[in-house]
Structures are given as structure tokens and as C-alpha cells.
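Subject: Structure handover

Hi,

Here is the structure for your files. Please open it alongside this note; the findings follow below.

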Amino acid sequence: MTAPVSETRSVVVEREFPHAADKLWRALTQPHLMQEWLMKNDFAPQVGHKFKLSGEWGGVLDCEVLEIEPKRTLSYTWDFVHAHAAYNLKSVVTFTLTPTATGTMLRMEQAGFRTDQKQAFGGAHAGWKQFFDKLDMLLTKEG
Amino acid sequence: MSKVHDTLFRTLSDPTRRAIFERLCREGEKTVGALTAKAGVSQPVVSKHLGVLKQAGLVRGRHQGRETHYSAQLGALAPLIDWTSQMAGFWEAKFDKLEDLLKRMDQ
């Protein structure tokens with residue numbers, strides 16, 4: 001457990017929505033709409049714009065717009081900085097919209113990079129339950 | 001399976017050792033004596049288990065006077081967290097919310 005372990009992984013979630021790409025694009029790029037399905041945010045549709053996504057659990061994601069092609073592609077960084085290496089996350093989220101016969105296919109790819117064992121957790125008074133609860137909160141409670 | 005996974009699983013596969021680790025997670029820092037009181041095994045056995053846990057990075061010892069206080073190192077468990085399935089679940093849930101929102105939105 002002395003050497004740092006790095007892993008790169010990617011998650012892909014796809015779904016076809018019976019709605020036009022234009023409408024889907026608004027839900028992905030207008031802050032008040034993003035807030036309704038994703039998280040509170042100060043997003044702006046400009047490459048290089050830095051913004052934050054604030055989760056209900058109190059965590060904040062640091063993001064930066066990397067790519068925008070209206071109604072087609074949206075990409076931004078999705079980083080979570082935490083003193084606890086297990087929660088640290090550096091990733092890039094890319095949404096791709098493709099019109100279909102009955103609506104729009106939305107593809108979300110999150111390419112993640114996480115560094116493990118950078119620093120041992122000091123204190124460690126948290127129990128297993130708290131540990132997994134936090135993870136749960138971080139990753140699913142938002143939904 | 002990676003060597004790191006292998007070490008972690010092997011270390012936590014022993015029930016007595018796992019119980020010691022879980023107790024440190026739940027109750028915080030403890031001395032060997034305090035751990036032995038409830039472990040159901042002798043102090044040398046507890047010390048041996050602590051040694052293995054330390055080797056795996058799961059436990060850290062802090063010296064204070066003549067005693068060593070042991071604490072759990074949760075960060076060492078990080079390789080066991082299946083990040084991809086957690087995130088896929090997160091996004092599926094988000095897409096559900098997005099679907100609801102799209103239904104409510106004007107064209």
C-alpha cells in the first residue's frame with residue numbers, strides 16, 4: 001500500500017427522450033433548469049467558464065466548460081476535491097445529443113480519474129456505516 | 001485482481017481481524033489492551049492481527065507514552081469502491097429527473 005494507485009475509468013449512460021434536441025439542450029444548459037434535474041449551479045454556456053455544482057449533501061463540484069456545440073455536444077470538468085483520498089475525483093463529463101426518429105438520444109460519458117492512497121485518512125473516527133452513507137449521499141442521494 | 005485488492009481482501013478475510021478493524025472504524029482510536037478486552041482472544045493474538053492490518057495500510061499506530069493507540073485508515077479501502085457502478089446509478093437517477101423535467105417544460 002505504499003505506491004499510489006491511479007485508475008482511469010469511464011461511465012456511459014444513454015437514454016432516448018421523446019423530446020426535441022432543442023428542448024433537451026435547454027435542460028442541459030440553462031441554470032434554473034439544470035438545478036431541477038442535476039444540481040444548483042452557476043453555469044454559463046461559454047468555453048472556459050468556471051462554475052460550481054452544489055449537491056444537497058453539502059458537497060461542491062468544481063467544473064469548467066470544455067466544449068460547447070449547441071444542441072450537439074456539451075463537455076465540462078467534474079472535480080471533487082476532498083481531504084479523504086477515497087472521495088477525491090477528477091473527471092470530465094460529456095453530453096452528446098443525437099436526433100432520432102421519435103426524439104433525441106442523450107449520451108453521457110464521464111471519464112474519471114481518481115487518485116488513491118495519496119494520504120492516509122487522519123482521525124478515522126467514522127464508522128463503516130458513516131463511510132458508506134457518505135458515499136451513498138455523494139453518489140446517489142442527489143437522485 | 002490487482003495486488004492491492006488481493007492484499008485488502010486477504011487482510012479482511014479473517015473474522016477476528018475484521019472485527020478488530022470494524023471496531024476501530026466504529027469506536028475510534030484504541031489501545032491493544034482496550035481491543036483485547038472485547039476481542040475474545042489473547043493480547044499477543046490481537047497484536048499480531050494489528051500488525052497485519054498495519055501492513056495493509058488499514059490501521060495506523062500512534063505512540064503515546066508507553067502505549068500505542070491504533071486507528072482505522074479508511075482511505076486504504078478506496079480501491080474497493082466500485083466507482084463506475086456508483087456513478088452509473090447516479091446518472092440513471094439524474095436522467096429520471098431530467099425526463100420528469102422535460103415533460104413539464106414547454107416545447
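A polar contact is a pair of N or O atoms within 3.5 Å; within protein, one atom must be able to donate a hydrogen and the other to accept it, and residues adjacent in sequence count only if both atoms are side-chain atoms. The side chain of T36(B) makes one with the backbone oxygen of V32(B), at 2.7 Å.

First, the ground rules. This is a predicted model, where local features need pLDDT of at least 70 and side-chain atom pairs count only at pLDDT 80 or more, while totals for chains, interfaces and linings use all residues. Residues are numbered from 1 along each chain as its sequence is written, chains are lettered from A and ligands numbered from 1 in the order in which they are written, and side-chain values use heavy atoms, with hydrogens and water left out.

Back to T36(B). It sits in helix α3 (residues 32-39) of chain B; helices are DSSP runs of H or I with at least four residues, strands are E runs of at least two, and both are numbered from the N terminus. T36(B) counts as buried because its relative accessibility is 16%, and buried means under 20% relative accessible area, with exposed over 50% and partly exposed in between (1.4 Å probe, protein chains only). Not counting residues up to four places away in sequence, T36(B) touches V41(B), S42(B), Q43(B) and V46(B). Contact here means heavy atoms within 4.5 Å.

Now the cores. A nonpolar core is a set of buried Ala, Val, Leu, Ile, Met, Phe, Trp, Tyr and Cys residues joined through side-chain atoms within 4.5 Å. The largest has 37 residues, and L53(A), Y76(A), W78(A), F95(A) and W91(B) touch the most other members. Helix α5 (residues 83-104) of chain B gives this core its largest share, 7 residues. Leaving aside neighbours within four places in sequence, W91(B) contacts several residues of chain A, including W37(A), W78(A), F95(A) and M108(A). Another core, of 20 residues, lies apart from the largest one; V32(B) and L53(B) are among them.

Chain B also has an open sheet of 3 strands, in the order β1-β3-β2, with antiparallel pairing. Two strands pair if DSSP finds at least two bridges between them. β1 (30-31) and β2 (59-64) of chain B are the edge strands. β2(B) and β3 (residues 67-72) of chain B share 6 bridges, and G61(B) stands opposite Y70(B).

Last, chain A. It holds 3 helices and 7 strands. Of its 143 residues, 43% are buried.

Best wishes
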